[in-house]
Amino acid sequence: MVAFTLGLVVPVIRNADKMNFAEIEKEINTLAKKATDGSISIDEMAGGSFTISNGGVYGSLLSTPIINPPQSAILGMHSIVSRPMVVAGNIVPRPMMYIALTYDHRLIDGREAVFFLRRIKDVVEDPRRLLLDI
């Protein structure tokens, strides 16, 4: 997701499954520059299957992201804010972020969607899990 002078555009990172983190980051930066200077093409925004929306950069605490057909799902990630949590019987402040997954039930089973959200939670809380594939 990239902020565009006339609104929000969602460029597609093609073949992300074959890229490492550095390559994905480089492609994001390339597309962000194109979006910012207005040179991004329609083809660079078409044909995606999954979207990650980061409304948290604008202060969003929670929303329901909407699927843009023909995509199968969209993950909305929101602001990280301090919330009271009970830890070992004590109330302590902890950073929390709400995430929301909207998906096409014709393509994705609800059980699998919940497992995906749990995996996202795990790797956001401990990024080593993603990097080490554990």
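Helices (H or I, at least four residues) and strands (E, at least two) are DSSP runs, numbered from the N terminus. With this in hand, the chain comes to three helices and five strands, and their order along the sequence follows the pattern β-β-α-β-β-β-α-α. The model is a predicted one, in which local features need pLDDT of at least 70, side-chain atom pairs count only at pLDDT 80 or more, and totals for chains, interfaces and linings use all residues. Residues are numbered from 1 along each chain as its sequence is written, and side-chain values use heavy atoms, with hydrogens and water left out. Along its principal axes, the C-alpha trace spans about 55 × 35 × 30 Å.

At the start of helix 1, a side-chain oxygen of N20 comes to within 3.0 Å of the backbone nitrogen of A22. Just after the helix, G38 takes a positive phi of about 80°.

N15 lies in the loop between strand 2 (7–9) and helix 1, and its phi is near 60°, a positive value in a residue other than glycine. Further along, the loop between strand 3 (50–54) and strand 4 (73–87) contains P70. The peptide bond from P69 to P70 is cis, with omega near 15°.

The domain assignment, which is automatic or taken from a database, gives domain 1 (1–48) and domain 2 (49–133). Seven residues from domain 1 and 12 residues from domain 2 take part in the contact (heavy atoms within 4.5 Å). The centres of the two domains, taken over C-alpha atoms, are 21 Å apart.

What area is buried between domain 1 and domain 2? It is about 640 Å², of which carbon and sulfur atoms give 66%; buried area is the accessible area (1.4 Å probe) that two parts lose on being put together, summed over both. Across this interface the rule finds zero salt bridges, a salt bridge being a side-chain nitrogen of Lys or Arg within 4 Å of a carboxyl oxygen of Asp or Glu.

Technical notes: Polar contact = N/O pair within 3.5 Å; in protein donor to acceptor, adjacent residues only side chain to side chain.
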